Amino acid sequence: MEMLKYVLRFEDCDLTMVNRVGGKCASLGELLKADIPVPPGFAITTDAYKLFLAENGLTDKVLNRLKGLDEAMVDDINRASEEIRAWIEAGTISERLEDYVAERYRLLSRIARTPALPVAVRSSATAEDLPDASFAGQQETYLWVRGVDDLLDRIRKCWSSLFTPRAISYRMRRKFDHSQVLISVGVQKMVKSFAAGVMFTLNPATGDRATIVIDSNWGYGESVVSGEVTPDQFHVNKITMEVTKKTVSDKTIYYTTDPETDQVMKLEVDPERRLSQSLLDREIVALAELGVKIEKHYGKPMDIEWATEKSLPYKGDLYIVQSRPETVWSSKKAKPVVAPKASALEYIVAGLVEGKKIR
Amino acid sequence: MADLKFPSPHKAETIPGTEGWERMYPYHYMFTTENPDRKKYEESMFWFYDGLHYPEPMYPFDIIWDEAWFLALSQYNSRIFIVPPALGIDHRIHNGYIYITPLPVANPEEIPKRVELFMKRAGYYYENWKDLEAKWEQKMRGIIKELADLQIPTLPDMEDESVVFDGVGVSTGYHLLNAYDKLIDLGILCWQYHFEFLNLGYAAYVFFVDFCSKAFPDIPVQKITQMVAGIDVIMYKPDEELKKLAKLAIDLGVDNVDWEGNPADLLKTMEGSANGKKWLEALNAARDPWFWVSTGTGWYHHDRSWNDDLGVPLSFVKIYVDKLKAGESIDRPTASVQAERDKLTAGYRSLLQTDEDRETFDKMLGSARTVFPYVENHLFYVEHWFHSIFWNKVRDVAKILVEYKFINDVEDIWYLKRSEIKDALWDLVTAWATGSNGRGPLVWPKEIEWRKSCMEKFRQWTPPDAMGAVPETISEPFTIVLWGVTSESMANWAKLREVTKGEVSKIVGFPGSPGTVEGKVRVCRTVGDIGQLQKGEVLVAPTTSPSWAPAFQKIAAAVTDVGGVMCHAAIVCREYGLPAVVGTGSATSRLKTGQLVRVNGASGEIDILG
């Protein structure tokens, strides 16, 4: 089916497709394959982007416009960026491409049982997950996009984000070929978070890999990620799945959506909810179990953004909205905790001689 | 560490009305300033209160076990195995409370030589652990038999003719002195054996703990203990015997008796039927040794055994009979305990980052598991079986002192030092031999009255957690594992002191077994009180021992004054999935029956809710 060349459900994406769907969508696909509930959605492939450029006669036009630019001439770059982005944003998405996207969007709305389902539209560049190469496009994200027209409009905006002045000069500085960097767009159901936050599959404070640490607040995860509130914190033993520590904090603000306008807004937490636990015990454990699954999937400690939704269960009411490798502890080279010795007796002797520091 | 200042041992207060208390205890246990060198030594050391063993002030007789381990533990470190950086543990007493301090090897240049010696000597024990342990068990059974067989003779008006016709050549007066010496000697010997393996056992365990805490900074010690602890250990035997007796009573159809009435009546009822007799046979088989289990730690003379009060175990049998009849299982969940242990071990092992660490983990875990059965089982042999019989033999001596009015009551003997008892016995036998009156009746009853009043004042006094100067490091394995002296625990001690100053709404102890519950407090000072326990209550006890096991069938959580992560309450609660906070120091005196509390077994905190 030709459609699959241009539009792919996340379920059908995997890591071999980074060139077609970008890192973000590929990893969402991988997560679904590992039975990790990410909000459902689909990817507009790089082929769709290429097709769009070709159909609008932009393929060479864009490259030519970039030719001869000097990295130092900021004004020139700004002007080129402005022109190219205007061309892309004014381009026409052909009927068949539009049909494919609309059909996928309709199916997604149906799964979620919400007409004109609010979605997040994000750029998913083909090279952005390479270390030190988040150059490809600005990390464009449009939230609460509703309806096909709006969606198509945002897709064009994501595409054009490949040509922000910053992205252009970054590629020039790094000597990346503009023609080799492509962009895919992810379209994903918005999660109306009841509570949300981050989860580390190790204790970021101590590096203990047997501890899962969950930070949580009401509403969207933004308040936690940005550090605007002191979130609730839960520790879970990864092996026994016991909740070993619960710190319920005074949560002053949270983010939610205005039901009328779908606009995200920051609110003060009602007094009676400020000091209540934002995740139920069983949710803490379920989330930690997901954390273990994700860590197993990637084979390394992970830093995960999650959300709970209480309105429309798709796969349960827990969603993983983002996961990336933990970097602080994991980047340390693994070396033995104690110097290897020939026998238990030698360990004991070494331990005795070392003693215990007590102050 | 912030401000870790503890008072000077020489400035510790004397309680008015107890002046002269020092004569109740060995003279070398006193902090003194008379000699500048000794004064300086005492000031430079870190003396911490051994609340783990002694939640209440020392009785002049009961200090025997403190002296016994003072000698035994220290000699194994310093003179027998040559623990490289550690000498023995020094002891002092103040206002009846024992303070101890580990001595490091002063000259670091000696350590390499000591390492060599230790490797050879301790290495021999680690290598031959199982054989030596089997030999140890034989030695222990031997001295327990000697103790049980030891007769404390009463003094006759006239010696039997056989003394003459067999040419015996000695009198009962001599035998009494001799039997008393033998009794004390067996006690000291028993404690020599007690430490034969314990230092090395704790060392193997503590450095496995150390490794795990380095690899997993958040790991609770209770999880490490769970990986190491045995499933089939002696500690569970007494309770298992009760369960067997309950099943047998039902099988034989003799379960419809008054289990909670007078034990003598119950025994008589059982005698009345063939099946009852069969049950009695099983009971008698179980009594020796399993009913010698102490209802306390065994460290105090008032920790009586089941054999001393059959009513206790018999009323426990009823708990099991009732459960069985209600169709409930009374078996230990050993399969799930084993599964949990395997899961923990495999889980933590798999999270290690390098092959080297996995190898270290395997070696250390292997040696910890080798030594742990001893660490767990020796308690039954020494503190329970031996001690329970020992206290009764001392009571036999006391009966003679009562007969000659040297003391008013058998239970007064504990207010005498063992050397004073020996003196009194000399007084007594010479008077007996002479036909005169001993001086004892003029001296001891008065002295004992005064000592009782001192002890009462000691009890009202709160001993400081520590005195003297805080060292940089501690290498002595017991100090670390048993008393948990670490920077955290010292900070905790400081925190506790803060807490006790204000209104008490929180009590802190060691996290013994994870989980959080709310429940009503039931303070049970002795095992006899556990009959009052209602289902779902929080048991608050000075300590628990295997003889308390049936209580755990009813409770929602356990809190103890005394004990660390390896104490009975912690181990049993982990097995039954109940929260436990142990080693609180003072929960039995600060919590009241009926109070609502929240017990957090993961953090070691108890919140008083109302």
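A residue is buried if 20 or more other C-beta atoms lie within 10 Å of its own, exposed if 12 or fewer, and partly exposed in between, with C-beta atoms placed from the backbone.

Please note that this is a predicted model: local features need pLDDT of at least 70, side-chain atom pairs count only at pLDDT 80 or more, and totals for chains, interfaces and linings use all residues. Residues are numbered from 1 along each chain as its sequence is written, while chains are lettered from A and ligands numbered from 1 in the order in which they are written.

Helices (H or I, at least four residues) and strands (E, at least two) are DSSP runs, numbered from the N terminus.

Let me stay with helix α14(B). Its 49 residues should span 72 Å at 1.5 Å a residue, and the end C-alpha atoms are 71 Å apart, which agrees. The expected span is 1.5 Å times one less than the number of residues. The helix has a kink of about 40° centred on B:His387; the bend at a residue is the angle between axes fitted to the seven residues ending there and the seven starting there. B:Lys405 has a positive phi of about 60° although it is not a glycine. Most residues other than glycine have a negative phi, and most peptide bonds are trans. B:Lys405 is partly exposed, because 15 other C-beta atoms lie within 10 Å.

A cis peptide bond runs from B:Asp288 to B:Pro289, with omega near 10°. B:Pro289 sits in helix α11 of chain B, where it is buried along with B:Gly276, B:Trp279, B:Leu283, B:Ala286 and B:Trp290. The cover over these buried residues includes α9 (237-251), α10 (263-271) and α14 (355-403) of chain B.

Next, the domains, whose bounds come from an automatic or database domain assignment. Chain B is divided into domain 1 (1-216 + 355-485), domain 2 (234-325) and domain 3 (504-608). The C-alpha centres of domain 1 and domain 2 of chain B lie 32 Å apart. Contact here means C-beta atoms, placed from the backbone, within 7 Å. On that basis, 16 residues of domain 1 of chain B touch 13 residues of domain 2 of chain B. On the domain 1 side, α14(B) supplies the largest share, 10 residues.

How many residues does each chain give to the contact between chains A and B? Chain A gives 32 residues and chain B gives 51. On the side of chain A, α12(A) gives the most, with eight residues.

Finally, chain A itself has 12 helices and 14 strands, and 44% of its 359 residues count as buried. A:Arg113, in the loop between α6 (95-111) and β3 (119-125) of chain A, has a positive phi near 55°. With 10 C-beta neighbours inside 10 Å, A:Arg113 counts as exposed.

Conventions: Two residues are in contact if their C-beta atoms, placed from the backbone, lie within 7 Å.
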